[in-house]
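Hi everyone, thanks for coming along. Today I'd like to walk you through some side-chain contacts in one protein chain, so please have a look at the picture as we go.

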Amino acid sequence: MQTTIKTLMLAIATMSAGMASADTIIDNVRGYTLDRDGNLQQFHGLFFNDAGKVIGIAKEGQPVPKTPKARYIDGQGKTLLPGMIDAHGHVLSLGASQMQLSLRATVNLADAQKAIAEYTHRYPLNQWIMGGEWNQANWKLGRFPTAQEIDAVVQDRPVWLSRVDGHAGWANSKALQLAGITENTPDPVGGKIEKDAQGKPTGILVDAAMRLIDKVVPPASNVEQRAALDLALLELAKLGVTSVHDAGVSESADKLFREYADQGKLTTRVYGMVRGTDGFFDKISQQGPLLTYGRDFYSLRAVKLFADGALGSRGAALMAPYSDAPHTHGLLFKTTDEMYAMIEKAASKGYQVNVHAIGDAGNRQILDGFARLPASSANLRHRIEHAQVVALDDIPRFKQLSILPSMQPTHATSDMNMAEDRVGAERIKGAYAWRSFLQQGSRIACGSDFPIESPNPFWGVHAAVTRQDMTGKPAQGWYANQAMTVQEALRCFTLDAAYAAHQENALGTLEAGKWADFILIDQDMLNMPATDIYRIKVLQTWVAGKQVYQSGK
């Protein structure tokens, strides 16, 4: 009994001392945060100092401090959550996509052609017509579109449009000509040039073949990159994303992120992954991983590799043929030994290795590669990005090898119109299998893969919990046995996303000593119909104790 009383008195004294140093106090909120052990904590008040660090929270029955010089803010009963963390996105691509042609909303090929023609007319000075986000499955086309179908509306300028998953591109004849792609051009390793019955390129390039056109597209200027970053940061703040793991940082992007961090212009934290293990990696790795920079606003301590392509374009590597295309297994980008050499090169220099793997063959190759690393390498918290279609007997290996599954809930609801067609009724049991991973104790880092999907984290939570699209289909959820609870989804977008970046001691929860990254939203996410979670709007976004977004209401 005496021990209990002493412990309680010490806790009260500690809390009182912390409250006294609070510079900003937000009260009258419905606050929710997890603690470092994943337990849900509810509170009505949050207080933090001018350094941007959390001092503490006031739970039910506990008063907020009465500090004369503190700034008091009335939360007006709104819901307060930790800032959302997107564990897989592409920051500059998000901004660039807002300056390019989007075919995401097109409902058929004719609609897409009209959009291409209108965009081309609207921007007569653009040397190239760039953009994408098309999905032939949504068009009910039953095939890929062709170069001739762009030529019908644009012939005089090159057009290059990426598929919604970013793993296939659609070019017109002018773009094919500038890239020198003819019937005699061989498929590159890890890629495919789609050709017709006469052997002529159709205009569709898959995975590594996309680089044949990418290399002749004029690179973005420094001004364009800055504009893209500014647009991306505005969008992320508006959606309550206070930190993002950027899956593929180039040398120019690294310089830009550091500059923005130095100038206090990063309003979303960036955890960077160097793309590949040559070129820029050889240069930057001489200094070792950048663990933190600019008050934890930037770090560069991971590497992004690719095992295979995407399911929609049938580039994901499968162990058995595609169920709807028995002539192909998809594409492994590297041999087993080549892939292991890349993994080992990065890991031996102290970098976390994060590998894109979508098909079951791609996932197995990467698991086999990680299994060859020294046991001590597990401390680097290596990840498989997407872990989308995994053989059932490979799922336990993630836990055994301490590999983190980095998964994107909206991929399931976007892919459900074609995924089972691609892999069949048996393999789909190991696809988008969040519950299977959670039950074995794996920590899932949730993200969106923006701009392929929307960066709106509440769309991700909605997909994770309901396994439905926003029209409520299918009624019972798509393989609903793999759904998460709301609290699990919150954890995947906060605490466990932070853990996947070695940042759980600084981010992910609103605990004393961590950064005051939080959001105010218009609905109580933990006490509302799950089917409406995607409707949540962010009212305010705060990063390091500073407000970076206020809704227009």
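Let me start with a term we need: a residue is called buried when its relative accessible area is under 20%, exposed when that value is over 50%, and partly exposed in between. Gly248 has a relative accessible area of 27%, so Gly248 counts as partly exposed. Please keep in mind that this is a predicted model.

Let's stay with Gly248 for a moment. You'll find Gly248 in strand E15, which covers residues 241-249. What does Gly248 touch, if we leave out residues up to four places away in sequence? The answer is Met273, Arg275 and Lys304. Leu40 is another story: 208 residues along the chain separate Leu40 from Gly248, and their C-alpha atoms are 33 Å apart.

Now, on to salt bridges. How many salt bridges does the count come to? It comes to 25. Let me show you a few of them.

Here is one between Asp524 and Arg30, where the closest N and O atoms are 3.4 Å apart. Asp524 sits in the loop between strand E23 (518-521) and strand E24 (538-543), while Arg30 belongs to strand E2 (residues 30-34), so this pair ties together parts that are 494 residues apart in sequence. Are the two partners buried or exposed? Asp524 has 9% relative accessibility, so Asp524 counts as buried. Arg30, at a relative accessible area of 47%, is partly exposed.

Next, please find Arg104 and Glu133, whose side chains meet in a salt bridge at 3.3 Å, N to O. This pair links distant parts of the chain, 29 residues apart: Arg104 is in the loop between strand E9 (101-102) and helix H3 (109-122), and Glu133 is in strand E10 (residues 129-134). Glu133 is buried at 16% relative accessibility, whereas Arg104 is partly exposed at 34%.

The side chains of Lys283 and Glu251 form a salt bridge as well, at 2.5 Å from N to O. Lys283 is in helix H9 (residues 280-284) and Glu251 is in helix H8 (residues 251-262), so the pair ties together parts 32 residues apart in sequence. Glu251 is partly exposed, with 28% relative accessibility.

Salt bridges can also share partners here, and in that way Arg364, Asp368, Asp393, Asp394 and Arg397 are joined into one network.

Let's turn to the rings. A search of the whole structure finds 13 aromatic pairs. One of them is Tyr119 with Tyr123, a tilted pair with 4.7 Å centre to centre and 45° between the planes. Tyr119 is buried at 6% relative accessible area, and Tyr123 is partly exposed at 34%.

Trp134 and Trp170 give us an edge-to-face pair, with 5.8 Å centre to centre and 70° between the planes. Together with Trp139 and Phe144, they form one aromatic cluster.

Finally, which residues lie over the face of a ring? Arg258 lies over the face of Tyr293, 5.7 Å from the ring centre.

Terms used: Residues numbered from 1 in each chain as written. Predicted model: local features only at pLDDT ≥ 70, side-chain atom pairs only at ≥ 80, totals over all residues. Heavy atoms only, no water. Salt bridge = Lys/Arg side-chain N within 4 Å of Asp/Glu carboxyl O. Helix = DSSP H or I, 4+ residues; strand = E, 2+ residues; numbered from the N terminus. Buried < 20%, exposed > 50% of the residue type's maximum accessible area, 1.4 Å probe, protein only. Phe/Tyr/Trp six-rings, centres within 6.5 Å; stacked < 30°, edge-to-face > 60°. Lys NZ or Arg CZ within 6 Å of the ring centre and 35° of its normal. Contact = heavy atoms within 4.5 Å.
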